[in-house]
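Please look over the structure shown below before reading on. The report that follows is meant to be read beside it.

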Amino acid sequence: MSEAPVALVELDDVSKYYGNIRALEGVSLVAHAGEVTCVLGDNGAGKSTLIKIIAGLHQHDTGTFRIEGEEVRLGKPREALDHGIATVYQDLAVVPLMPVWRNFFLGSEPTKGAGPFKRMDVEFMRRTTREELLRMGIDLRDVDQPIGTLSGGERQCVAIARAVYFGAKVLVLDEPTAALGVKQSGVVLKYVAAARDAGLGVVLITHNPHHAYLVGDRFILLKRGTMAGSYAKSDIGLDELTRQMAGGSELEELSHELERAPTPLHLGGEPTDKS
């Protein structure tokens, strides 16, 4: 009997406190190669804190954080990158007026020549950007255009392709479809699936159960910093995932409270004045 593959990222009963404020408590998550783990929750559910722990911005206070079976305490984002964890934030770290190829290599520019003749290898960057985008299925004819002229979905896709090129094993996506319309959201989800099929473990943070269910293999529901549920796709349908995401029984209770009281029906003309 073969052993289960080691998770690329695993959080076990992790908690995070800021003074007396409980940001996360008892949260567990696992991300495997070639799978998408979706983390769902409303604003204030703890999604941002979870991202910061995985990305190395904040350290967890209790519980266990493992990367490929090795227990870690990340002290800074560079350590997460060194472990193959790339995080794409909702606001995207791009320079809008710079061309696409320049943003693709931003901070990691290859050079050629030596000494006073050392310079950026612009042709290599242009060619590689075009090739890597094509490999992810992004047909961008002009990589010289400012990245700010691309749609929000296209910019997200460039960030995903960049992470794949620079050797990410785990891709953490912070609400990549939050500010996008239906068509652009579909474009981004297609490239999320492409990253999954390329063998990456993807952690998709979202508040949209429909988007999550299209690409997700596992679903973690957060509510006020705690686990509200953990499911494999085979164990939950979209309707139930949506119901739980919307609050389930709490929503039903609220609907009863908001029902209109029945209006008295008066027959036979004007109501009688009993004064």
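Predicted model: local features only at pLDDT ≥ 70, side-chain atom pairs only at ≥ 80, totals over all residues.

Residues are numbered from 1 along each chain as its sequence is written, and side-chain values use heavy atoms, with hydrogens and water left out.

**Aromatic contacts**

A search of the whole structure finds eight aromatic pairs, where rings of Phe, Tyr and Trp (its six-membered ring) pair if their centres lie within 6.5 Å, and planes under 30 degrees apart count as stacked, over 60 as edge-to-face and the rest as tilted. One of them is the edge-to-face pair of Phe105 and Tyr165, with 5.7 Å from centre to centre and 75 degrees between the planes. Because Phe105 lies in the loop between α3 (100-104) and β7 (111-112) whereas Tyr165 belongs to helix α5 (residues 152-165), the pair ties together parts that are 60 residues apart in sequence. Helices (H or I, at least four residues) and strands (E, at least two) are DSSP runs, numbered from the N terminus. Phe105 and Tyr165 are also members of one aromatic cluster, together with Phe104, Phe124 and Phe166.

A second pair is formed by Tyr213 and Phe219, which is stacked because the ring centres are 5.5 Å apart and the planes stand at 10 degrees. Both Tyr213 and Phe219 are buried. The charged end of Lys233 sits over the ring of Tyr213, 4.7 Å from its centre; for this, NZ of Lys or CZ of Arg has to be within 6 Å of the ring centre and within 35 degrees of the ring normal.

The table gives the exposure of several residues, where buried means under 20% relative accessible area, exposed over 50% and partly exposed in between (1.4 Å probe, protein chains only).

| Residue | Relative accessible area | Class |
|---|---|---|
| Phe105 | 2% | buried |
| Tyr165 | 29% | partly exposed |
| Glu68 | 41% | partly exposed |
| Arg224 | 59% | exposed |
| Cys38 | 0% | buried |
| Cys157 | 1% | buried |
| Leu150 | 5% | buried |

**The largest pocket**

About 770 Å³ of space lies in the largest pocket. On a 1 Å grid over the protein atoms alone, a pocket is an open set of points where a 1.4 Å probe fits, with protein on both sides within 12 Å along at least five of seven lines, and lining residues have an atom within 4 Å of a point. Of the 29 residues that line this pocket, Leu81, Ala86, Thr87, Arg162 and Ala163 are the closest to its centre. Helix α5 contributes the largest share of the lining, five residues. By class, the lining has 19 nonpolar, six polar and four charged residues, with Ala, Val, Leu, Ile, Met, Phe, Trp, Tyr, Cys and Pro counted as nonpolar, Asp, Glu, Lys and Arg as charged, and the others, Gly among them, as polar.

Most residues other than glycine have a negative phi. Glu68, in the loop between β4 (62-67) and β5 (70-71), has a positive phi near 50 degrees. Arg224, in the loop between β11 (218-223) and β12 (226-232), likewise has a positive phi, of about 50 degrees.

Leu150 lies in the loop between α4 (122-135) and α5, and its C-alpha is 9.0 Å from that of Val100, although the two are 50 residues apart in sequence.

Finally, a search of the whole structure finds zero disulfides, a disulfide being a pair of cysteine sulfur atoms within 2.5 Å.

Conventions:
Points joined across faces, edges and corners; volume = space filled by probe spheres on them.
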